[in-house]
Amino acid sequence: MSSEKRKIAYIDGKPYEIGPNHSSILKFVKSYVGEKKVPTLCDDPNLAPYGACRVCSVEVALEKDGPTRVVASCHTPVAENQHIFTSNESLKSLRKNIVELVLTDHPMECDSCEVNNNCELQTVANDLGINDHRYNSPKQHKGIPRDTSHDYMRMNLDNCINCGRCVRACDEIQGSFVLTMSGRGFESRITTDNDMMFGDSSCVSCGACAHTCPTDAISDVFQSKSAAVDKKVRTTCSYCGVGCNLEASIKDDKVVAIDTPKQTEVNAGHTIVVDDKVLKLHLIPSGILYKNTSCLIGSGTVVDPKILLKEIDMLIDNGIDISGLKISSTSHVTMPYHRILDEAMEADRGSNKIGTTGRGIGPTYADKSHRIGIRIRDLLNKERLSDVIKIPLREKNGLLEKIYGIKPLKLEDIVEEYLDYGQRLSKHVVDCTRTIHAASKNKKNILFEGAQGTLLDLDHGTYPFVTSSNPISGGACIGAGVGPTLIDRVIGVAKAYTTRVGEGPFPTELQGSINDQLCDRGSEFGTTTGRRRRCGWFDGVIGKFAVSVYGLDCLAVTKLDVLDELDEMQVCIAYDLDGEEIDYFPTNSDDLKKSKTIFKKIKGWQCSTADCRKLSDLPENAMNYLRFLAELMEVPIAIVSLGANRDQTIVIEDPIHGPKRALLR
Amino acid sequence: VSKNISNLSGRIGLKDNLFKQISENTLSDSPQDIKEIAKKHNLGVSTLHGAESFYEFLRPSHREKKAFVCNGSACMCAGTQDKLKDKLKEKLGDDKVGEMFCLGHCYENHAFHYDGENYAGKDIEKIDQILKGEEIKQEKFFSKSYATTSFLMDDKLSSTDQFKDQLSKFLKSDKKEIIKSLLDSNLTGRGGAGFPTGMKWDFCSKAKGDKKYVICNADEGDSGAFSDRYLLEDQPLKVIFGMVICGYVIGSDEGVLYIRGEYPKSIEALNGSINELKKLGLLGENILGTDFSFDLGICIGQGAYICGEETALIASIEGRRAEVDVRPPFPVTEGLYKKPTVVNNVETLAAATGILINGSEKFSSIGNKKSAGTKLVCLDSFFNNPGVYEIDMGTPMKKIFNEIGGGYKEPLKAFQIGGPLGGVVPLSEIENLNLDFQEFTAKGFMLGHASVVSIPKDFSMAEYIHHLFEFSAEESCGKCFPGRLGSYRGKEMFDQAKKKTAKIPLKLLEELLVTMKKGCLCALCGAIPTPIQNILKYFGDEMKNDMVKDN
């Protein structure tokens with residue numbers, strides 16, 4: 001790598017190095033001279049280049065002082081020795097004239113618009129110094145009725161600029177095909193399904209369309225894009241173990257909107273593709289897609305039978321055998337009052353108590369602890385269900401009626417609906433513990449599918465920004481009902497450095513060229529979205545914390561090769577909290593924010609490790625680095641990986657079947 | 001652009017092709033069908049609806065009409081269509097007559113479409129027979145080669161025996177030799193973009209893919225052009241031969257001809273040839289006992305000029321909306337269903353056949369390196385000898401118009417050469433031009449497909465610009481902002497001038513044309529400014545009373 005010649009291109013006369021992730025002129029220009037230099041309207045870095053709005057046009061010449069031509073920077077590759085001009089007079093007038101055309105078909109009622117001062121069209125027009133057009137009485141698509149039929153979303157096509165971002169988000173991010181452009185040319189417009197009302201369409205309410213829409217053409221009922229909020233707080237959804245990042249807009253200490261932040265690690269591309277079938281699974285473990293695999297939804301999972309049955313139907317429709325699906329009889333069930341309460345409470349909550357999307361998860365867990373929850377087994381028997389539902393329903397109806405002024409629910413209706421669900425699910429219901437122990441006895445391989453993230457653990461994570469479950473290794477025992485002795489080995493996986501997507505505290509974050517270098521060499525760009533991750537030095541304090549809460553037997557260190565070119569690395573060995581050196585992780589996020597890092601410098605090896613196949617091939621300084629990590633965290637290293645290919649992995653000791661002993665420390 | 005729809009549609013592929021299902025089922029009328037087809041492809045109902053609503057022929061407003069008069073540039077200039085329309089309305093009812101853009105009868109005009117057939121010239125006189133469903137005798141276009149060597153019009157590949165002989169010869173040839181022969185011939189794409197054909201085949205042969213495709217772009221929508229129609233109807237074997245050899249060279253076993261629905265006779269001719277070749281084992285599995293297999297099908301266009309643009313054409317076959325895609329990736333690496341694909345125009349494929357049979361030196365020795373070989377040129381009904389001619393590149397236009405075309409029937413002032421996106425050349429410039437791609441471009445025109453639409457002396461040039469803007473507004477895919485909005489705003493300017501409600505704001509018009517030329521994603525809305533700027537340059541005075549300088 002280091003021997004390869006660096007490629008240079010010029011931005012407005014100045015040379016810059018072309019990185020491996022500069023897949024377009026736009027990305028290249030943005031990474032060096034900032035977001036604002038080249039305006040865009042149809043571009044969203046989370047979506048594939050589209051080339052519709054053309055306001056990102058730049059001029060390029062193949063050589064210095066050579067003839068230039070105008071290209072859209074979003075989909076034109078950057079080439080060696082190319083001279084890129086980002087903002088000369090003719091480009092400015094081109095962009096101005098295009099935006100002027102957009103304004104000819106726009107209501108121009110910014111003052112009364114929901115997204116006033118938070119609108120991409122408004123920003124681009126303002127930056128170009130344009131607020132009107134010169135065309136004589138142009139035909140406009142004005143007066144399209146607002147579509148308010150959807151429970152969560154709003155469509156106001158008067159303000160649509162036909163950038164197609166919503167259609168692409170629906171397809172590329174969510175894997176749904178609900179939105180489309182219809183018609184042709186000037187008459188083309190956004191619609192759903194077969195010209196359905198938004199609320200009657202097959203929309204799954206993922207919000208990706210509203211999130212990417214540059215105007216208020218598609219927005220949500222929470223008015224998430226409305227700029228009038230006091231602050232925005234980052235939180236984590238507690239619906240499932242995935243840990244989707246959410247951003248809550250707060251005004252007067254109330255949550256007024258929930259949105260997905262622009263850059264989030266987990267919720268960017270939540271689709272699974274098997275045999276070209278795009279399937280979205282929330283509840284059913286994705287192992288169901290493999291033959292000969294039994295999947296068990298464990299006792300610790302909260303189940304919404306409505307969603308579960310929808311997923312089952314979808315799998316059956318796609319010809320997938322679901323006979324291997326099992327559900328623990330003691331999983332707790334989300335009832336209609338949980339959902340209604342969750343929604344009602346949402347707007348009523350203080351700013352520090354957010355974290356749901358109105359799917360009733362919080363209240364279900366609360367009832368579980370309160371010992372008035374309904375479990376899957378209760379859905380199988382009419383008398384039992386009618387009996388166990390009495391107390392919680394009386395309590396919830398009281399809350400609904402007296403506090404939130406919502407019509408109470410009828411017991412008979414719920415019992416009838418949920419018995420039906422129970423009947424449909426009955427053939428899948430099993431005794432969780434017995435099922436797992438039987439599998440264990442028969443020497444089956446058991447994989448516990450939990451969530452990632454030490455710091456998302458309900459008890460040990462950065463409370464309150466945590467999930468409702470325990471994603472650490474011990475959580476597997478509790479959620480599935482197995483004793484800790486059944487777990488043979490706990491293996492941790494960590495990169496040789498640290499990354500994070502999105503905002504939030506990141507003590508060891510790097511800035512400038514080393515960050516770029518790690519990012520480029522490590523291809524630290526989201527796989528689905530191409531978003532750049534933040535990179536930093538290895539944080540031994542978090543590492544140590546993970547080793548202890550997980551009880552790691554050993555560690556796999558990945559991507560060591562990314563550090564190949566550095567002459568020196570640093571590893572965080574402790575934090576400085578208010579002048580005191582601490583070597584433990586502060587679970588309080590305020591303390592974490594205040595903490596400063598204390599680094600130890602380690603010499604780099606500055607040669608390629610990509611071809612190393614055994615430990616003795618590694619340069620001495622690489623070995624020193626690994627030894628240092630192992631000693632710091634007091635955990636043996638069993639695996640070192642040096643690239644994306646399978647053979648670029650050094651297995652020091654078989655971490656699953658090998659003997660438990662010191663491997664590399 | 002997302003690959004999801006392409007990949008999902010590609011799982012079923014060409015055999016039970018999604019576009020065909022969208023075309024053949026009136027989905028907007030039958031919610032059940034649309035759901036079933038969507039489900040079969042794992043796509044959304046919206047995907048199918050979005051695609052269906054894109055095409056003129058699939059819209060309810062089109063389907064309820066019975067006859068369609070041609071509104072192409074040549075028929076418009078000939079002034080034959082108003083009377084024709086009235087006559088058809090009288091017979092069928094006022095709301096039963098619509099329009100179609102260019103039926104390829106520019107040499108005789110009076111063109112209309114009825115019940116799956118095209119009629120033109122004097123056919124309207126037999127309208128009662130036509131309405132009764134009787135077959136009438138129709139006149140054919142005149143065609144003749146004036147070339148040093150004919151590559152496109154000769155009869156060296158007009159029978160299936162000749163096809164078989166040539167095929168058995170070339171299936172034994174070295175693939176690299178075939179590519180070399182095309183490279184040596186200096187053949188460039190005849191569809192307009194002018195990319196060297198040998199290079200395209202070479203790139204695709206080297207592209208990695210478990211499956212590759214050959215597409216013949218037979219979506220000749222350029223007004224004034226009927227040269228592809230000539231080849232499809234009179235020389236179908238040459239076109240197919242080019243595709244089969246291309247498949248052999250690049251390693252593809254499947255091809256598709258995308259023929260515009262406005263050309264029913266061409267579809268019929270190709271269907272006939274394909275079936276015959278299949279029966280003879282000259283298409284299909286293990287052709288002539290070799291391990292080379294090649295299957296060929298037809299996709300019928302549904303009324304969208306933009307499908308002549310190769311990425312839109314690919315999108316159309318896949319069942320997506322026929323919107324132009326960004327490049328790269330180019331079709332040679334990621335084309336139909338995201339597989340390596342060669343997309344060649346009809347004339348290019350026929351010329352490739354001609355070159356392989358006659359030898360590349362003969363082709364390259366005509367014209368010059370960048371404009372080599374022969375070219376089909378179409379002359380409209382204003383010439384004394386209208387028809388389609390094969391002519392050496394480099395021939396003076398004066399000679400083509402006066403000697404081959406035999407001069408003009410009435411006084412003319414300009415020609416639009418190369419379709420609606422080609423330049424408008426004033427009569428006075430003709431004597432300075434030769435049949436040469438680069439020469440036309442250097443003078444601010446565009447030779448394109450080399451079709452000629454004559455503009456009579458008394459025809460209003462403001463009307464002609466209106467026609468061009470109307471065309472691009474109607475046919476723009478709607479994806480890029482300057483194309484979608486610019487073409488419509490341009491049309492409005494000339495609407496208003498025509499109705500005398502406002503004068504043409506010259507400065508704004510000029511800015512608009514520059515914006516479209518520089519900013520548009522593809523050559524439809526990006527090249528329509530060329531003829532308009534030509535008209536403003538050469539005939540601006542004619543409109544000066546309708547214009548204001550400032551705005």
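B:Thr47 lies in helix H4 of chain B, where helices (H or I, at least four residues) and strands (E, at least two) are DSSP runs numbered from the N terminus. At 7% relative accessibility, B:Thr47 counts as buried; buried denotes under 20% relative accessible area, exposed over 50%, and partly exposed the range in between (1.4 Å probe, protein chains only). Leaving aside residues up to four places away in sequence, B:Thr47 touches A:Phe177, B:Ile5 and B:Gly319, contact meaning heavy atoms within 4.5 Å.

The structure is a predicted model, in which local features need pLDDT of at least 70 and side-chain atom pairs count only at pLDDT 80 or more, whereas totals for chains, interfaces and linings use all residues. Residues are numbered from 1 along each chain as its sequence is written, chains are lettered from A and ligands numbered from 1 in the order in which they are written, and side-chain values use heavy atoms, with hydrogens and water left out.

Chain B contains 24 helices and 16 strands. The radius of gyration of chain B, taken over C-alpha atoms, is 23 Å, close to the 24 Å given for 551 residues by the globule rule (2.2 Å times the number of residues to the power 0.38), so chain B is as compact as a globular protein of that length. The C-alpha trace of chain B spans about 70 × 60 × 50 Å along its principal axes. Of the 551 residues of chain B, 64% count as buried. Among contacts in chain B between residues at least 6 apart in sequence, 72% join residues at least 24 apart.

The interface between the two chains was examined next. In chain B, 58 residues are in contact with 52 residues of chain A. The area buried between chain B and chain A is about 4500 Å², of which carbon and sulfur atoms give 55%; buried area is the accessible area (1.4 Å probe) that two parts lose on being put together, summed over both. B:Phe481, B:Arg489 and B:Lys518 supply 16% of the area that chain B buries against chain A, more than any other three residues.

Across this interface, 26 residue pairs are in polar contact, both residues being at pLDDT 80 or more. A polar contact is a pair of N or O atoms within 3.5 Å; within protein, one must be able to donate a hydrogen and the other to accept it, and residues adjacent in sequence count only if both atoms are side-chain atoms. The elements giving two or more residues to the side of chain B that touches chain A are helices H1 (4–12), H3 (31–40), H4 (45–52), H20 (461–475), H21 (481–498) and H22 (506–519) of chain B. H21(B) provides the largest share of that side, ten residues. The residues of the side of chain B that touches chain A comprise 25 nonpolar, 17 polar and 16 charged, with Ala, Val, Leu, Ile, Met, Phe, Trp, Tyr, Cys and Pro counted as nonpolar, Asp, Glu, Lys and Arg as charged, and the others, Gly among them, as polar.

Three salt bridges are counted between chain B and chain A, a salt bridge being a side-chain nitrogen of Lys or Arg within 4 Å of a carboxyl oxygen of Asp or Glu. B:Glu475 forms a salt bridge with A:Arg184, the closest N and O atoms being 3.2 Å apart. Over all chains, the whole structure holds 53 salt bridges.

Within chain B, B:Lys211 forms a salt bridge with B:Asp253, with the closest N and O atoms 3.0 Å apart. B:Lys211 lies in the loop between helix H11 (197–206) and strand S6 (213–218) of chain B, and B:Asp253 in the loop between helix H13 (236–250) and strand S7 (254–259) of chain B, so the pair ties together parts that are 42 residues apart in sequence. B:Lys211 is partly exposed, with a relative accessible area of 23%, and B:Asp253 is partly exposed at 37%. Both residues belong to a network of salt bridges that links B:Lys15, B:Lys211, B:Asp253, B:Glu254, B:Lys278 and B:Asp295.

In chain A, the side chains of A:Lys64 and A:Asp65 meet in a salt bridge (3.9 Å, N to O). A:Lys64 counts as exposed at 61% relative accessibility, as does A:Asp65 at 71%. In helix H1 (residues 25–33) of chain A, A:Ile25, A:Leu26, A:Phe28, A:Val29 and A:Lys30 are buried. The buried residues of H1(A) pack against strands S1 (8–11), S2 (14–17), S3 (57–61), S4 (68–72) and S5 (83–85) of chain A. H1(A) is followed by A:Gly34, whose phi is positive, near 95°.
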